[in-house]
Amino acid sequence: MSFTGKKFPSITVDAIDYLGDNLSINIFEEATKNGKKVLLFWYPKDFTFVCPTELHAFQEALPEFEKRNTIVIGASCDTNEVHFAWLNTAKDNGGIEGVTYPILADTNRNLSRVLGILEGEEKESDEFGYIFEGSNVTFRATYLIDEDGKVFHESVNDMPVGRNVKEYLRLIDAYAHVQKFGEVCPANWEEGKEAMNASRDGVANYLASQISLS
């Protein structure tokens, strides 16, 4: 089920911060009560391989997200205790020491199940009723949520494929431009480039301007 254009599910999930404080976070409320955009990114497992590269990449870009009034939150189905152990493992030993944004611990899979991002599925067994086949951990799903709690972007990568953090900054810039100016953003739009009016004349004028630049 896609949540793009819809309200993000209002579900509270356990979480932890880099200080070891146990938290309860509701992503929808983080956006609406704070009047901020939220970037929520899911990764499969702590203490794995592609995952720490992504968590560090989001951390390195954190000042850029903050400039854009955007909260960054990580998430997996690991426990708070495992998250904290990983947060206290040095970077040169595969850890995420230095990451400062909170990480959800969706151990009961309530939110990830509603989002439909778990690898595997329930199948009927003659002997045991329904059993889960698959890893039951999340794909690399990413959600951008606006100040009203609406999802304006979602994407899901398979587990071996890491994300490009810069693309999420571009998407936030594009959506903020739409919010501020009411224009729409064409293919490959970046901050500072020409946008266009959502009309026949608007697209005609935009395409004509691109021909003159080529």
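Aromatic pairs are the place to begin: in this predicted model, the count of such pairs comes to nine. A pair of aromatic rings is described by two things, the distance of the centres and the angle of the planes.

Phe41 has a relative accessible area of 0%, so Phe41 is buried. Tyr43 is likewise at 0% relative accessibility and counts as buried.

Phe41 has another ring partner, Phe58. Here the centres lie 4.1 Å apart and the planes are at 20°, so this pair is stacked, because planes under 30 degrees apart count as stacked. Where do Phe41 and Phe58 sit in the chain? Phe41 belongs to strand 3, residues 37–42, and Phe58 to helix 2, residues 50–60. The two are 17 residues apart, and their pair links distant parts of the chain. Phe58 is buried too, with a relative accessible area of 0%.

These residues are part of a wider group. Phe41, Tyr43 and Phe58 are members of one aromatic cluster, which also includes Phe47, Phe65, Trp86, Tyr101 and Tyr168.

The last stop is a serine. Ser112 is located in helix 5, which covers residues 110–115. Is Ser112 buried or exposed? Its relative accessible area is 0%, so Ser112 is buried. Leaving aside residues up to four places away in sequence, Ser112 touches Trp42, Cys77, Asp106, Ile117, Leu118 and Thr138.

Technical notes
Residues numbered from 1 in each chain as written. Predicted model: local features only at pLDDT ≥ 70, side-chain atom pairs only at ≥ 80, totals over all residues. Heavy atoms only, no water. Phe/Tyr/Trp six-rings, centres within 6.5 Å; stacked < 30°, edge-to-face > 60°. Buried < 20%, exposed > 50% of the residue type's maximum accessible area, 1.4 Å probe, protein only. Helix = DSSP H or I, 4+ residues; strand = E, 2+ residues; numbered from the N terminus. Contact = heavy atoms within 4.5 Å.
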